[in-house]
Amino acid sequence: MTGVLNTLTSLDWRSANGALVVAATAATGIYVANRLLTPEDKEAEKFQKLNKLPSPSGALPIVGHLFSVGKSPHIKFSEWGRTLGPIYSVKMGSSRTWVIHNSSEVIREMLDRRGATYSDRISTDILEAFSANGIMYGFAQNNSYLRVWRKHTNNTISKSKLEKEYSQVLIAHSKQLLLNLLEKGNVPEGINPSDKVYLYNVNSMCSVIFNKSFTMDDPDFKEIVRLGVSTLNVAGDFTLELFPFLAPFLRSKIRRAGLLQLQIKQVFGKYVEEVRQARKDGNEVKCACNEYLKAQETDNENGHMDDVASLDTSSIALLNGISILANYLNVQERAFAEIKDNIGLDRLPRDTDEERLPYTRAILTEILRFRPPLWLGVPHSNIKDEEYEGYHIPYIYPDPYMFKPERHLDEDAGNVRQHYAFGAGRRICPGSFLAEKSLFSVIAHIVQAFRIEPPLDAQGNPLEVPLSDITLTEPSIPIFKVRFVPRHDNIKSMCKDD
Ligand code: HEM
């Protein structure tokens, strides 16, 4: 393989039935880095004869379309999609071409149906160092190792397994979150809930995966949060993707990415060893890691369970949700009424109550559409050139920039993908069930217990609660303050241990 004619793919979040597309306020882009065949390649000639993908005018030397894309790429990608169609290319930086996939049909065709080709990952020197040359799961190449790994992960945190084994674990940590918010969350100036939200997510994920939980002061908790935030920064660092020639000047950044990988292994490796030892001692602990180790023994595979990024994506999703709800008090009222009518105020909703709470469920779907934590997804790369023809321009989804949970209540909504926050195709997020179950129940609990309101200034006037921006830079942790105003007196009693 020689040069990289790269391609990035993103979607316009506005197709007919709620399927996706970059723009709308919520855009999940899905990258495909498309390698050019070498001249020696037998098929090269065939591909050279094909039409080039449409591309917007105005690419400049070295930076390509970067300046035109600007600070809010999802809006620009959507705008171009309206004139160029559901698949087109843009030049991003010095050598990369991104193929923008701007309709759910194109995504389904390319990433789902042609998954065998479109499930590799791109690599930059930073990602190589961070993933220990592609060994770390999320950056692994699409080979048999990855397939075994995904099989084990999918089995250990499947929807049915989570419902059978871990519902109570998620509720227990959510109760702790509610009590923390009850104790500290209702001050006029508001609070920034991020430390409490992180504690909830780290505890619920680590309990399910390693049977481990922490207090806020625990050094391990602080280290995990630090690792998560650093991982997000590394994984979302676009510098070398856009300008690979800068690698020699970014040696220290590349070294830091390698070091981060070692630190992740150190912390999570310790937990894996504890679970392994307990197995040996005949004291098996109930957790996904134990199941995983059991499966490895029969399959002879030695992958790792160390996806620290999921702690951030889940925390960002919940923080986004809280800041959005503070801006949409009417949405909170409707969800509260639904919960009160169908569950009451004597117990907390469970993840298995989803069917009885369709509007509350739609809030989660809309949060993931409106502000996907990884709006560009994780880059996919295709392993060979591909041909794609016969596309059409999709119908535009109404009000893409509005937060409207009710859009997901349409009869047809269940039949189509409502967002691409978890990616697509063979690399789709294996933690999506865990993330959705945890987020659904914790959002339902918060809405049942509190009105999330804007903070007040010294004169008692409500202040703005900013929503997170979608920009080309790495996903960031939303920073805002809100008040958690208790709705009733049952919160403490509902949070008592059963
Ligand atoms: C709201 C929370 C989450 C979001 C938005 C999210 C999003 C994503 C996205 C967009 C991808 C890339 C998919 C693709 O390449 O098409 C991904 C991959 C991945 N996610 Fe998640 N995720 C979340 C939570 C989790 C959780 C809770 C776990 C595990 C416990 C997890 C584990 C993984 C792993 C291991 C991969 C790599 C899969 C691969 O490369 O084959 N994620 N996630």
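In the predicted model, helix α15 passes helix α16 in a right-handed crossing. The two helices span residues 358-370 and 432-449, respectively; their axes come within 10 Å and cross at roughly 120°.

On the α15 side, the contact is made by Thr 360, Arg 361, Ile 363 and Leu 364. These residues meet Glu 436, Leu 439, Phe 440, Ile 443, Ala 444 and Val 447 of α16. By class, seven residues of this contact are nonpolar, one is polar and two are charged.

In soluble globular proteins, nonpolar side chains tend to be buried together. For Val 208, with residues up to four places away in sequence left out, the residues touched are Ile 157, Tyr 166, Val 169, Cys 287, Ala 288 and Leu 434.

For the protein as a whole, the secondary structure amounts to 17 helices and six strands. The protein has 498 residues, of which 47% count as buried. Among contacts with a separation of 6 or more, 77% are accounted for by residues 24 or more positions apart.

Positive phi values in residues other than glycine were examined at two loop positions. Ile 62 has a phi near 65° and is placed in the loop between α1 (44-49) and α2 (66-69). With 12 other C-beta atoms within 10 Å, Ile 62 is exposed, because the class takes in residues with 12 or fewer such neighbours. Asn 211, likewise not a glycine, has a positive phi of about 60°. Its position is in the loop between α8 (194-210) and α9 (219-235). Asn 211 has 19 C-beta neighbours inside 10 Å and so counts as partly exposed, since a buried residue requires 20 or more.

Methods:
Residues numbered from 1 in each chain as written. Predicted model: local features only at pLDDT ≥ 70, side-chain atom pairs only at ≥ 80, totals over all residues. Axes fitted to C-alpha atoms, helices over the stretch in contact; angles between N-to-C directions. Helix = DSSP H or I, 4+ residues; strand = E, 2+ residues; numbered from the N terminus. Left-handed = near helix turned anticlockwise from the far one by under 90°. Contact = placed C-beta atoms within 7 Å. Nonpolar A, V, L, I, M, F, W, Y, C, P; charged D, E, K, R; others polar.
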